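Thank you all for coming. Please have a look at the structure on the screen, and I will then walk through it piece by piece.

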Number of protein chains: 2
Amino acid sequence: MTWKSIGIFDSGVGGLTVLRELMQVLPQEDTIYLGDTARVPYGTKSPETVTRYAEEIASFLFRRDIKLLVVACNTASAVALPALKRLLPIPVVGVIEPGARRAVEVTRSGRIGVIGTTGTIRSSAYTRAIKRLKPDAEVLTRACPLFVPLAEEGWTDNQVARLTAETYLKELQLAQVDTLVLGCTHYPLLKPIIGEIMGKEVTLVDSAHETALTVADILSRNSQLRPASEEGNHTNYVTDIPAGFVRIGTRFLGGKLGDVFQVVLDEGEEGL
Amino acid sequence: MTWKSIGIFDSGVGGLTVLRELMQVLPQEDTIYLGDTARVPYGTKSPETVTRYAEEIASFLFRRDIKLLVVACNTASAVALPALKRLLPIPVVGVIEPGARRAVEVTRSGRIGVIGTTGTIRSSAYTRAIKRLKPDAEVLTRACPLFVPLAEEGWTDNQVARLTAETYLKELQLAQVDTLVLGCTHYPLLKPIIGEIMGKEVTLVDSAHETALTVADILSRNSQLRPASEEGNHTNYVTDIPAGFVRIGTRFLGGKLGDVFQVVLDEGEEGL
């Protein structure tokens, strides 16, 4: 019997934080990751364009015979999840729902902050997901468009990063949220500064771990988990040249990155 | 007799600064502008990917019967100009050469600074263009990846912008350049802060106006200038939905933006 892989994609390298959690929770599973590095970022683009890109990638991964698709990008999860669920006959897991669930579990006051890209915040996807689970929750959101470029520049611990974070987080601080969802896979890189500004009483929620648990749960219920004695193989595709992805990915995954191939996604790839 | 248009493209809205200068220098000319807003930015991507995108756009514009192509994007000018000149049987004008010429004209000490995206700086295109014109020039370069997101966030005059600019420009200041090329179409938006930090003795060069003069010169020599009595029409294409482009473009061009249409560029569009 051959076991199918888990497909996972992001606009770039950020989704590797989700892959890392998946590899810890389910080390026996094969994975195929796609980072759309030629078209990154998604967070500043329209829902229509992000959905088109997500459909192309989902089709590409589905043709590589995956049993489940993880949308490791918050923006794509926020705007394209229904379209991807319609497109694919396999389970599709986004990062919004697991992050919202975790936030609802940890909040005491019911006052929850969410930060993310412009696309994610504008979609209100987190607010809807949180209110579905806890209708009396008070959800305050803030787009932080400079956090991704700051993280990519490696400026995660200097005065510019601090001042930017203070500007973005001021209202959430004043509103005294007790939980803050880091609604973008890049943001955990700024966790120390965000935590320092928000204070120790505020719990920071990052959905990577929760998403991995959701995947494990679905595969287990579908009897599609590989035996734990196996060791997973990991393959990566990128749409721009692999150099930058390999450098950052090796750092993220501590040498367990697997092979990286460049691929051209055709605009015509939407169909299965 | 029908007159052909001038084609012009950029990764996004930044190239409208070049279009604005073109409209001032040659108000009689029709223009077709394409902003690749679905795949912006180019400055962080590989030369191979930027060249592929530039070829797709050049083919798209050429099929709309243009007489000259302006590459209004510094990154695309830096890495894709030779490929575009091979591809098209019409003149192709980039922004690097005009900017370099202007810098060489205005420098007194021969010590010239250049700032731009990672892609532009890594290509060394400005250094080569300046040294071709003035072999004894001393060229100091610095990539400023956060300037584009800062300009797009509208943070062009706050403490974060100031601190970022100070960090990026410190070495150029210490090196006492007397001329600084703003090697990215977004950077003129940060001109006040850059000028303040560099000091009054440093001349800031922005290639938009020089590029427009180069275009006028080529069309004149080719007897392809429309009679000055005419009034040009302006058409714009974007690859993401037009909303953001229309908003910023109207501000840039003071109501003279013209129609804006969304278009899908096929990966197969490279051929003529």
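This is a predicted model: local features need pLDDT of at least 70, side-chain atom pairs count only at pLDDT 80 or more; totals for chains, interfaces and linings use all residues.

Now to the helices of chain B. As a general point, a pair of packed helices is described by the angle between the axes and by the distance between the axes. With that in mind, consider helix 4 (residues 96–106) and helix 6 (residues 125–133) of chain B, which pack at an angle of about 50° with their axes 9 Å apart. That angle makes helix 4 of chain B oblique to helix 6 of chain B, and the crossing of the two is right-handed. On the side of helix 4 of chain B, the residues that take part are B:Ile96, B:Glu97, B:Ala100, B:Arg101, B:Ala103 and B:Val104, and in helix 6 of chain B they meet B:Ala125, B:Tyr126, B:Ala129, B:Ile130 and B:Leu133. Sorted by class, this contact has nine nonpolar residues, no polar ones and two charged ones.

A second pair in chain B is helix 8 with helix 9 (residues 191–198), whose axes come within 10 Å and cross at roughly 45°. Helix 8 and helix 9 of chain B are therefore oblique to each other, and their crossing is right-handed. Helix 8 of chain B brings B:Ala161, B:Arg162, B:Ala165, B:Glu166, B:Leu169 and B:Gln173 to the contact, while helix 9 of chain B brings B:Ile193, B:Ile194, B:Ile197 and B:Met198. Here the residues divide into seven nonpolar, one polar and two charged.

Let us turn to where the chains meet. How many residues does each chain give to the contact? Chain B gives 20 residues and chain A gives 20 residues. On the chain B side, helix 2 (47–62), helix 7 (147–153) and helix 8 (159–174) each supply at least two residues, and the largest share, five residues, comes from helix 8 of chain B. The chain B side of this contact is made up of eight nonpolar, five polar and seven charged residues.

Finally, I would like to look within chain A, where the domain assignment gives domain 1 (5–95 + 209–267) and domain 2 (96–206). The centres of these two domains of chain A, taken over C-alpha atoms, are separated by 23 Å. Their contact takes 24 residues from domain 1 of chain A and 20 residues from domain 2 of chain A. On the domain 1 side, helix 1 (16–25), helix 2 (47–62), helix 3 (74–87) and helix 10 (208–221) of chain A each supply at least two residues, with the largest share, five residues, coming from helix 3 of chain A. By class, that domain 1 side has 10 nonpolar, 11 polar and three charged residues.

Notes. Residues are numbered from 1 along each chain as its sequence is written. Chains are lettered from A and ligands numbered from 1 in the order in which they are written. Two residues are in contact if their C-beta atoms, placed from the backbone, lie within 7 Å. Helices (H or I, at least four residues) and strands (E, at least two) are DSSP runs, numbered from the N terminus. Ala, Val, Leu, Ile, Met, Phe, Trp, Tyr, Cys and Pro count as nonpolar, Asp, Glu, Lys and Arg as charged, and the others, Gly among them, as polar. Domain bounds come from an automatic or database domain assignment. Axes are lines fitted to C-alpha atoms, for helices over the stretch in contact, and angles run from 0 to 180 degrees between N-to-C directions. Angles under 35 degrees count as roughly parallel, over 145 as roughly antiparallel, 65 to 115 as roughly perpendicular and the rest as oblique. A crossing is left-handed if the near helix is turned anticlockwise from the far one by less than a right angle, and right-handed if clockwise.
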